[in-house]
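Biologist: Please take a close look at one part of this model for me, and then tell me how that part sits within the rest of the chain. I would like the cut-offs spelled out as you go.

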Amino acid sequence: MRTPREILEESVTIAVVGASRNPGKAAHEVPVQMLRHGWRVIPVNPSINELWEQPSYPVLAEIPEPVDLVNIFRPSADAAEIVRQAVEIGARAVWLQLGIVSPEAREIAEQAGVDYVEDSCIAVVRASSGLTRNIENS
């Protein structure tokens, strides 16, 4: 299993499940930070048509391109189903944001050979690791 830093270094496209249009929420600000530092971020939220100048999708299966990492901003009770969906679309990693923990989701990811991070903020790991993605080299 890759470390959180390795996951970020090797990921280009991040699907954010539970992305929010509310700038006061972590589910908005954290993905914006990832965008600012060069990752491709795709919002996944059935209530939003577009966010961050990107089309939003109601579910992971409707994203028309490969996804490297699924970043989850949903309650812990929803995590296992979202991880199942991430496995179905071929994502190489799933990342449950700070405060989100699911033994069932972890088991699903591990059985599928998908890297798994939980209860950790992707933007904090990015910042503490000093990572920035050069879009032109992706």
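Modeller: Happy to. The model is predicted, so to speak, with rules attached: local features need pLDDT of at least 70 and side-chain atom pairs count only at pLDDT 80 or more, while totals for chains, interfaces and linings use all residues. Residues are numbered from 1 along each chain as its sequence is written, and side-chain values use heavy atoms, with hydrogens and water left out.

The chain has five helices and seven strands. In sequence order they follow the pattern α-β-α-β-β-β-β-α-β-α-β-α. With a radius of gyration of 13 Å (taken over C-alpha atoms), close to the 14 Å that the globule rule (2.2 Å times the number of residues to the power 0.38) gives for 138 residues, the chain is as compact as a globular protein of that length. Its C-alpha trace spans about 35 × 35 × 30 Å along the principal axes. Of the 138 residues, 51% are buried, where buried means under 20% relative accessible area, exposed means over 50%, and partly exposed lies in between (1.4 Å probe, protein chains only).

The part I would pick is the unit made by β5, α3 and β6, a right-handed β-α-β arrangement. Right-handed here means that, with the strands pointing away from the viewer, the path from the first strand over the helix to the second runs clockwise.

Start with β5. Two strands pair if DSSP finds at least two bridges between them. On one side, β5 pairs with β1 in the parallel sense over four bridges, and I14 is the residue opposite L69. β5 and β6 are also parallel, with four bridges between them; there, V94 of β6 is the bridge partner of V70.

In a regular strand the side chains alternate between the two faces of the sheet. β5 shows two sets of residues: L69 and N71 point one way, V70 and I72 point the other way, and all of them are buried.

The side chain of N71 reaches the backbone oxygen of W95 at 3.2 Å. That is a polar contact, a pair of N or O atoms within 3.5 Å; within protein, one must be able to donate a hydrogen and the other to accept it, and residues adjacent in sequence count only if both atoms are side-chain atoms. Using contact to mean heavy atoms within 4.5 Å, and setting aside residues up to four places away in sequence, N71 touches I14, A15, V16, V17, W95, Q97 and I122.

Now to the helix of the unit. The buried residues of α3 are A79, A80, I82, V83 and A86. Among the elements that cover them are β1 (13–17), β5 (69–72), β6 (93–96), α4 (103–112) and β7 (115–117). Just after the helix, G90 has a positive phi of about 85 degrees.

G113, in the loop between α4 and β7, is exposed, with a relative accessible area of 63%. G113 is 20 residues from A93 in sequence, with 8.9 Å between their C-alpha atoms. A93 is also among the residues in contact with R2, together with I7, E10, R92 and D115, once neighbours of R2 within four places in sequence are left aside.

R2 lies in the segment before α1 (4–10) and counts as buried at 13% relative accessibility. Its side chain makes polar contacts with the side chains of E10 at 2.9 Å and D115 at 2.4 Å.

Finally, D119 sits in the loop between β7 and α5. Although D119 is not a glycine, its phi is positive, about 55 degrees, and at 39% relative accessibility it counts as partly exposed.
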